[in-house]
Amino acid sequence: MSGPRPSVEVAVVMRRERLNNPWQPWRWVLHEVVPNEPAFGSEPRLIYAGEDEQRWLHPGFKVELFRDEAEGYLLNATTPAPCWFVLWRMEESPTVADEPIARPFVVTLSYNEAARWMDSQEMIENVPAPAETVAWMRAFADAHYVPEPRKRKRPESFRRLEDRFGNPA
């Protein structure tokens, strides 16, 4: 079967918040994932600036659903708190007040994909996914997830001694 994969365009909002810490005055955290709109443009931009907080909009992320990730979508959809997973990194340029800026790189709905990123020591955060996104993801997972057959291996204790240790003769 060919054709375009199911997908949705989103934008990521990163929050820079003030800390009461002399060694690290600010930190970056994932704030939210929102539907992308053409008015957002294509470059990151400051959308809110307060004394203790800034919010930066990073538009233009395409979240595609892949058949081989169906198990990861099902795991996410069936948790008590289904979510978006965002891989982000600190980037030296551009900067905010001579400090690096947080830049999202990938957005996914797959629990398994996010777990692989975490295993490779990437910065992964999550925020709740809206009900309509969860329903869309769940419908895809239900249509494409095929559990792998489990192969049962008999314990060694069920094998004959000669088969386990060889013939002593």
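**Entry 1**

I began with R18, which lies in strand β1. Strands here (E, at least two residues) and helices (H or I, at least four) are DSSP runs, numbered from the N terminus. Before going on, I noted that this is a predicted model, in which local features need pLDDT of at least 70 and side-chain atom pairs count only at pLDDT 80 or more, while totals for chains, interfaces and linings use all residues. Residues are numbered from 1 along each chain as its sequence is written, and side-chain values use heavy atoms, with hydrogens and water left out.

Next I asked which residues R18 touches, leaving aside its neighbours within four places in sequence. I found P25, W26, E51 and D52, taking contact to mean heavy atoms within 4.5 Å. I looked at E51 again: it sits 33 residues from R18 along the chain, and the C-alpha atoms of the two are separated by 8.3 Å. A polar atom of the R18 side chain lies 3.0 Å from the backbone oxygen of E51.

**Entry 1: how β1 is paired**

I then followed β1 to its partner strands. Pairing needs at least two DSSP bridges between two strands. β1 and β4 run antiparallel and are joined by 10 bridges; one pair I picked out is R15 with R55 in β4. β1 also runs antiparallel to β2, with nine bridges, and there V10 has P35 in β2 as its bridge partner. A reminder to myself: in a regular strand the side chains alternate between the two faces of the sheet.

**Entry 2: the cores**

My next stop was the largest nonpolar core, which has 26 residues. I count as a nonpolar core a set of buried Ala, Val, Leu, Ile, Met, Phe, Trp, Tyr and Cys residues joined through side-chain atoms within 4.5 Å. V12, W84, V107 and L109 have the most contacts inside this largest core. Elements that each supply at least two of its residues include β1 (7-18), β5 (83-96) and β6 (99-108). Which element gives the most? It is α3, with four residues.

I checked V12 by itself, again leaving aside neighbours within four places in sequence. Its contacts include L30, V33, W56, F61, V86 and V107. Apart from this core lies another, of six residues, among them C83, L87, A114 and I124.

I also looked at α1. Six of its eight residues are buried, so the rest of the structure largely encloses this helix. The buried ones are A70, G72, Y73, L74, N76 and A77.

**Entry 3: salt bridges**

How many salt bridges does a search of the whole structure find? I got 10, where a salt bridge is a side-chain nitrogen of Lys or Arg within 4 Å of a carboxyl oxygen of Asp or Glu.

- E69 and R116 form one, with the closest N and O atoms 2.4 Å apart. This pair links distant parts of the chain, 47 residues apart: E69 is in the loop between β4 and α1, and R116 is in helix α2 (residues 111-119). E69 counts as buried at 10% relative accessibility, whereas R116 is partly exposed at 44%.
- In the bridge between E64 and K62, the closest N and O atoms are 3.9 Å apart.
- R55 bridges to E53, with the closest N and O atoms 2.6 Å apart. R55 is partly exposed, at 27% relative accessibility.

Q54 is in strand β4 and is buried, with a relative accessible area of 14%. A polar contact of 3.2 Å joins its side chain to that of W56. I take a polar contact as a pair of N or O atoms within 3.5 Å; within protein, one must be able to donate a hydrogen and the other to accept it, and residues adjacent in sequence count only if both atoms are side-chain atoms.

Last, I checked both ends of α2. S110 caps the N-terminal end, with a side-chain oxygen 3.3 Å from the backbone nitrogen of N112. Just after α2, Q121 takes a positive phi of about 70 degrees.

Conventions: Buried means under 20% relative accessible area, exposed over 50%, partly exposed in between (1.4 Å probe, protein chains only).
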